Amino acid sequence: MKTADIKPLLQNMENLLEGNHIIVTFLGSGDNFGSGGRDQSCIHIASAGGSMLLDCGATVLVSMRKLSFDPGDIDAILISHLHGDHFGGLPFFILDAQLITRRTRPLLIAGPPGLGKRVQEAMEVFYPGSWEAKRNFDIQFMEIEPDIPSVIASFTVMPAIAVHGSGAPSYSCRIGCGEKVLGYSGDSEWCRGLLQTADGTDLFICEAYYFEKVMKNHLSYKTLSDHLDEIKSRKIILTHMGQDMLDRLDEVELETAYDGMQIVV
Ligand SMILES: [Zn+2]
């Protein structure tokens with residue numbers, strides 16, 4: 001854990017944000033199985049206008065508290081797809097907002113069609129009665145459609161269809177703020193949507209579950225490398241790495257995320 005790296009940026013965050021930067025913090029850079037002791041998918045993005053989580057894996061609160069991020073500062077949460085390691089932290093986040101952080105302002109949660117129903121079901125399975133419990137804040141679900149831009153907190157988001165079975169559409173997303181644009185693959189096999197999402201971005205955050213194995217639902221570093229000249233992004237960072245990938249990090253020529261990594265875009 002390189003928590004020491006994070007402190008100078010956090011202390012300097014206000015100055016950086018005034019300069020119209022986006023600060024990206026990898027709260028969780030791991031897979032669904034805790035490979036390498038890494039937390040599940042969760043990326044914090046902050047602009048001068050506010051902050052949003054990109055995915056909300058089940059470990060979200062552990063990640064935030066390890067790195068001194070306040071859940072109460074989050075304006076919105078964008079979910080790429082409805083798998084537990086990407087949205088399974090929402091029941092905990094919502095309960096924390098109600099009981100511990102004592103949120104009063106609305107929480108916006110955006111993601112694929114079916115999001116609202118799946119979150120309510122997850123809450124009822126984990127903590128019966130928790131969805132219906134009285135809260136001092138509103139939860140607003142925004143179900144977003146592929147290729148249609150939406151404004152989510154201070155960001156514009158354009159989803160593209162990913163190839164990843166999750167019982168609902170799975171997305172990769174372009175996320176813009178001012179002049180800056182990020183791309184996030186979510187989970188996906190190689191597909192055209194990833195190129196759309198990465199096109200012209202300042203940073204493309206891309207999953208690389210395997211090193212070279214070609215499997216359904218996910219990307220390997222090798223597949224990504226084979227398509228590198230098609231990806232028009234100024235910078236690529238790999239995340240969502242499984243054990244197979246982590247075992248061979250010294251052979252990887254692209255930058256790889258770690259929990260606590262911060263990038264100023
Ligand atoms: Zn997934």
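1. Ile237 counts as buried in this predicted model, because 20 C-beta neighbours lie inside 10 Å and the criterion for burial is 20 or more. The residue belongs to strand β12, which comprises residues 236-239. Apart from neighbours within four places in sequence, Ile237 is in contact with Leu203, Ile205, Glu255, Thr256, Ala257 and Ile263. Ser172 is 65 residues from Ile237 along the chain, and their C-alpha atoms are separated by 15 Å.

2. His240 lies in the loop between β12 and α9 (243-246). Although His240 is not a glycine, its phi is positive, at about 55°. Most residues other than glycine have a negative phi. Is His240 buried or exposed? His240 counts as buried, since 29 C-beta neighbours are found inside 10 Å.

3. A positive phi is also assigned to Ala153, again not a glycine, with a value of about 50°. Ala153 is placed in the loop between β7 (150-152) and β8 (155-161).

4. Helices α5 (residues 90-99) and α6 (residues 115-126) pack with their axes 9 Å apart, at an angle of about 75°. The two helices are therefore roughly perpendicular to each other, because angles of 65 to 115 degrees fall in that class. On the α5 side the contact is made by Leu90, Pro91 and Ile94, and on the α6 side by Val119, Ala122, Met123 and Phe126.

5. The length of α6 agrees with expectation: at 1.5 Å a residue, its 12 residues should span 16 Å, and its end C-alpha atoms are 16 Å apart. Buried positions in α6 are Leu115, Val119, Ala122 and Met123. Viewed down the axis of α6, the buried residues fall within an arc of 100°, so they line one face of the helix. An α-helix has 3.6 residues a turn, so residues three or four places apart point the same way. The cover over the buried residues of α6 includes α4 (84-87), α5, β5 (107-111) and β6 (139-143).

6. In α5, the buried residues are Leu90, Pro91, Phe92, Phe93, Ile94 and Ala97. These buried residues pack against α3 (60-66), α4, β5, α6 and β6. Leu90, Pro91 and Ile94 also take part in the contact with α6.

7. Tyr171 is located in strand β9, residues 171-177. Tyr171 counts as buried because 29 C-beta neighbours lie inside 10 Å. With neighbours within four places in sequence set aside, its contacts are Ser80, His81, Pro112, Pro146, Pro159, Ala160, Ile161, Ala162 and Gly186. Between Tyr171 and Gly111, which are 60 residues apart in sequence, the C-alpha to C-alpha distance is 8.4 Å.

8. Ala46 is part of strand β2 (residues 42-47). Ala46 is buried, as 24 other C-beta atoms lie within 10 Å. How far apart in space are Ala46 and Phe155, C-alpha to C-alpha? The distance is 9.6 Å, for a sequence separation of 109 residues.

Note on methods. Residues numbered from 1 in each chain as written. Predicted model: local features only at pLDDT ≥ 70, side-chain atom pairs only at ≥ 80, totals over all residues. Axes fitted to C-alpha atoms, helices over the stretch in contact; angles between N-to-C directions. Helix = DSSP H or I, 4+ residues; strand = E, 2+ residues; numbered from the N terminus. Parallel < 35°, antiparallel > 145°, perpendicular 65-115°, else oblique. Contact = placed C-beta atoms within 7 Å. Expected span 1.5 Å × (residues − 1). Buried ≥ 20, exposed ≤ 12 C-beta atoms within 10 Å, placed from the backbone. Arc of directions from axis to C-beta.
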